[in-house]
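I opened the notebook to record what I looked up in this structure. The entries follow the order in which I went through it.

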Amino acid sequence: MQNTDNFTASRVPTTTLNTTRPYEAVKGSDGTVTYKYNVDDTQPLGGLPPYTLVYMPKTIEKVPAGDDEPIYTNGSATTGYTRPVDENTIITNGGANTCGHFGIYDVSSLDTKMAAGGKYTWYTYYVPTAFTAANCRYHRMFSPVANGEGGTSVSLPFKPDADASAGRFYEFGTNDGKTVSLNLVTSPQANTPYFYFPDKEGELTSSTSQEIAAVSKEQTESFAVPATTGDGLYGVYAGTNIMSDASTAVYAMSAKAFTNNGKQYPAGTFVKITSATAVNPFRAYLKLSQAAGAKASVLSLFRDDTTTGIEGAEQNGENAKDGYWYNMQGCRVEHPGHGLYIHNGKKVIMK
């Protein structure tokens, strides 16, 4: 976009695309600017999709403003979502870049998820220059889990506001070859993968001003967090194909209850991925080493909702490394049953 003589930056609506009538602004001899577009049948700026970042110079006379607008995709199909008209509009001023509303989108909210190769190359997460966002929003509507079972993975470039009444975040904890434990996180961070268990319908948002880090072109196709190896939860910002191999077992969390070898498993169980499977942007998957032997095809889930951990047991006057068993309140247990305990300084899941 070219802006001169303090032209006004108009709306960037996501209406029906008409490439024969691109955005055009004409400045008359008297200084009056006329905008030649119709918001009902043309997108300005050449028809940019809603998730495009638009950098504008501070000399712009006016930034987009007004009521929220509907989000369209595939030309004219509505998604049922709305967005602020200034979303993803970044005002540049020297070394400072600011954005009133930053929004990222779930693939399933925008189309049928049938991109070539299952990699969703049309939705490439690329941030050429870091900026500060006053508000952030993940355009994905979460539904509450049933009976505390089932959840979903998230990996966001912004720090979401944590609301315990809306849902809870968990990070990867331990794996004993049969069960994966997840640890409760009370303050989720940006660029960190989590499993999220919503308790009510809603989106993940933030009203806290924060920096959105730059992502280079080299990182675009394979960007994953954390960029390390080893057991753990891995988030992706671009569509990614995952599959287990001889050295690594890759798991996804089942969204529904299922039967395997005649045994019933609840939603939220981890299922080993043995054939190429596409993972949507802003999701995550579990990766475990198979160096000590092939991992099971199904792993059960245990959510550790405590925040005291080993330190809590020690602070209650007991030595959690003395060979005895302790519950998460620090009390010694003679005959531990099903649940989470501290034994020799480590968290242990008893079945």
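I began with the terms: buried means under 20% relative accessible area, exposed means over 50%, and partly exposed lies in between (1.4 Å probe, protein chains only). Helices (H or I, at least four residues) and strands (E, at least two) are DSSP runs numbered from the N terminus. This is a predicted model, in which local features need pLDDT of at least 70, side-chain atom pairs count only at pLDDT 80 or more, and totals for chains, interfaces and linings use all residues. Residues are numbered from 1 along each chain as its sequence is written, and side-chain values use heavy atoms, with hydrogens and water left out.

**Entry 1: the chain**

I noted three helices and 28 strands in the chain. Of its 351 residues, 44% count as buried. I then looked up confidence, given as pLDDT, the predictor's score for each residue from 0 to 100. The chain averages 74, and 64% of the residues score at least 70. Where pLDDT is low, the predicted coordinates should not be read in detail.

**Entry 2: strand 23**

How many of the seven residues of strand 23 are buried? I found six in this strand (residues 283-289), so it is largely enclosed by the rest of the structure. Next I looked up its partners; two strands pair if DSSP finds at least two bridges between them. Strand 16 (residues 232-236) pairs with strand 23 in the antiparallel sense over five bridges, and Tyr 234 stands opposite Tyr 285 of strand 23. Strand 18 (residues 248-253) also pairs with strand 23 in the antiparallel sense, over four bridges. There, Ala 249 stands opposite Leu 288.

I also checked charges over rings, which need NZ of Lys or CZ of Arg within 6 Å of the ring centre and within 35 degrees of the ring normal. The charged end of Lys 287 sits over the ring of Tyr 234, 4.0 Å from its centre.

**Entry 3: aromatic pairs**

Rings of Phe, Tyr and Trp (its six-membered ring) pair if their centres lie within 6.5 Å; planes under 30 degrees apart count as stacked, over 60 as edge-to-face and the rest as tilted. My search of the whole structure gave 13 aromatic pairs. In one of them, the ring centres of Tyr 125 and Phe 282 are 5.6 Å apart and the planes are at 85°, so the pair is edge-to-face. Tyr 125 lies in the loop between helix 1 (107-110) and strand 8 (131-142), and Phe 282 in the loop between strand 22 (277-279) and strand 23, so the pair ties together parts 157 residues apart in sequence. Tyr 125 is buried at 5% relative accessible area, and Phe 282 is buried at 0%.

I then took Phe 195 and Phe 270, an edge-to-face pair with 5.3 Å between centres and 65° between planes. Phe 195 is in strand 12 and Phe 270 in strand 21 (residues 270-272), 75 residues apart.

**Entry 4: Asp 199**

Is Asp 199 buried or partly exposed? I read a relative accessible area of 39%, so Asp 199 is partly exposed. This residue is found in the loop between strand 12 (192-198) and strand 13 (202-206). Leaving aside neighbours within four places in sequence, its contacts include Pro 144 and Arg 168.

Methods:
Contact = heavy atoms within 4.5 Å.
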